[in-house]
Amino acid sequence: MSSADSTEIVKTDDSSIIPDLDKSLSDSISKKFSNIEIAYVKPDRIRVNVKKEEIIDVATFIRDELNFDHAESVSGVDYPEDKQIEVVYHLGSYTDVSLDKKILALATRTLREDTPHPGNDNTKLPSLRDVFPSVSFHERECFEMLGVYFDGHPDNRRLLLPEDWADIPPLRKDFSIKGR
Amino acid sequence: MSKQLLPGLAIEKVDDRIMTLNIGPQHPGSGHMRIIVKVDGDYIVHCDPDPGYVHRGEEKMAEYRNYITNIPHLERPVIHDSCNILYPYCLGVEELLGLEVPERAKYLRVIAAELNRCVYIEYWLAIYGIFLGHSTMFMWPVGDRELLIDLLEKMTGARVTHAYFVPGGIRNDVPPNFEDVCLRQINYFEKRLKEYAAVFYDNPILISRTKDTGVLSREDAIKLGTTGSVLRASGVDFDIRKKEPYDVYEELDFQTNVLKEGDSYARSKIPWLDMFESCRIIRDALQKMPKSGSVRVKLKPKPKGGDTEVYRRVESGRGSLGFHIVSDGKPQPYRIKISVPSFRNLIAMPHLLTGEKLGNMPAVYWSLNYWPVEADR
């Protein structure tokens, strides 16, 4: 579909008006926890970066006080230049009607080892399984795909990869597909 | 060597009673996945789903291709619902690139997505029918599905793998007589749908097999983060088309279906009810659609996103389908995470099957609207 026509792409205005609710949500988090960073507040999308030591407290606060009740997705993103791996929890709410459209991205980072030994190195994060049971399988996937071990998760086993997978976790940037 | 007891006097230990069974991955009742169940007599005491037999590394592949060449392979996880899996991807890329979709394309997208939803549900219903031993319910949906596939072929040029949605619109406009043909087929299709009630949904055998089996309570459905028909069958009114309307869903007239029972019967009924709503949406969209106009914005070759991320979701045939796209300013995405409804509903499987009779497994398993290929990606 790459058309040879080189019409300029029209950028829509990104700084459209942020609804009050989004603002108040992010304010209540930053008021409660001083150590966190609100990465952005877009309409219906908020992103909060936290340190891994604090993530369980922040997640519990988000669940109990802000009424987010389930995880939509958990993505692991590899940043080899920063020597870090980021895990982003996308949280949503079924019970609070005012939060229907909102997705709160809760992100944290952990150390990345150059020669990974999944489960036996320092690439570890506390598991949010006790706060949001819906993350169980997502965290298992993240463990095998990026080698992030989740402390407190009772079931850090392979899920999608074959049992005899002997290479590094495949979604790390230094794992390359053969021939590409 | 100690003297052996007489065989008839040996006492059975609990461990001997528990038997481990591998259901799948070749068993036709499981799809391309394995479920390891431990049974005590007829009852399942432990269940461990083992997906991954059709894992293809879609997320890794997406990091090697640009936003446009990613289109055909990203629909592969669920080819029967290919429009709906590309929908959130296109919405996300449009947000990244700042594209405004033409009005006519928005309506055509909705029509294609709803037709595709019906195609998917018909296919799923056929499989659900055959695994409950109801061969008529296999033949009818597969036959009726052809009507919609013909329509989609007229629209997109392909029967199943359409690759119809592109960032900034759709690939091509529909042929001139499409609207009349579509309306005629949809009206006939709706008439056929009503006949399913007599043969399937009011059938006492189906009711006795699915009523009160695998009951998922409202609280558990929320806690487990289930989505789509599973969630709505447990009494939670959550449909992305209503809750976070994308494209023109806001202007269209339809309702969401919610049942309170949370059993396999309710879960099997919701998709069928959804198809009536899809017919309503298509009729309404055909009426409100602008009769002419452009259907795609022209893109530069290898468009680049900014240094940002997006998360967009739509309601697919199985539930909320989200794309998390991380961009670092290159033509290729830095990371794509596909949050698929099948994977999210998978967690309900061990929850529901534990304590259930082994014979009820197909009724519960397929009612979860689970598509193994999509869950594995």
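Visitor: Let's start with two helices of chain B: is the crossing of α7(B) and α12(B) left-handed or right-handed?
Guide: Keep in mind that what you see is a predicted model. The helices to look for are α7, residues 178–201, and α12, residues 264–288, both of chain B. Their axes come within 10 Å and cross at roughly 160°, which makes α7(B) roughly antiparallel to α12(B). As for its hand, the crossing is left-handed.

Visitor: How many nonpolar residues are in the contact of α7(B) with α12(B)?
Guide: On the α7(B) side, the contact includes B:Leu183, B:Ile186 and B:Phe189, and on the α12(B) side B:Trp272, B:Met275 and B:Phe276 are among the residues. There are charged residues too, 4 of them, but no polar ones. The nonpolar count is 13.

Visitor: Which element gives the most to the side of chain B that touches chain A?
Guide: Here 40 residues of chain B are in contact with 38 residues of chain A. Elements of chain B that give two or more residues include α2, α9 and β8. By class, this side of chain B has 18 nonpolar, 9 polar and 13 charged residues. With 4 residues, the top contributor is β7(B).

Visitor: Over in chain A, which strands stand at the edges of the sheet?
Guide: The sheet is open, with 5 strands in the order β1-β2-β5-β4-β3 and mixed pairing. Each edge strand has a single partner, so one side of it is left without a neighbour in the sheet. The strands in question are β1 (37–42) and β3 (70–79) of chain A.

Visitor: Which residue of β5(A) does A:Val88 stand opposite?
Guide: Strands β4(A) and β5(A) run antiparallel and are joined by 8 bridges. Follow β5(A), which covers residues 103–111, and the residue opposite A:Val88 turns out to be A:Ala107.

Visitor: And helix α2 of chain A: what angle does its direction make with that of β5(A)?
Guide: This helix, residues 55–64, packs on the sheet. It touches β2, β4 and β5 of chain A. Its direction makes an angle with that of β5(A) of about 170°.

Visitor: Where in chain A is confidence highest?
Guide: Chain A averages a pLDDT of 81, and 89% of its residues score at least 70. Over residues 1–15 of chain A, though, pLDDT stays under 50. Helix α1 (residues 20–32) of chain A has the lowest mean, at 77, while the highest, at 91, belongs to strand β4(A).

Technical notes: Residues numbered from 1 in each chain as written. Chains lettered and ligands numbered in written order. Predicted model: local features only at pLDDT ≥ 70, side-chain atom pairs only at ≥ 80, totals over all residues. Axes fitted to C-alpha atoms, helices over the stretch in contact; angles between N-to-C directions. Parallel < 35°, antiparallel > 145°, perpendicular 65-115°, else oblique. Left-handed = near helix turned anticlockwise from the far one by under 90°. Contact = placed C-beta atoms within 7 Å. Nonpolar A, V, L, I, M, F, W, Y, C, P; charged D, E, K, R; others polar. pLDDT = per-residue confidence, 0-100. Pairing = 2+ DSSP bridges.
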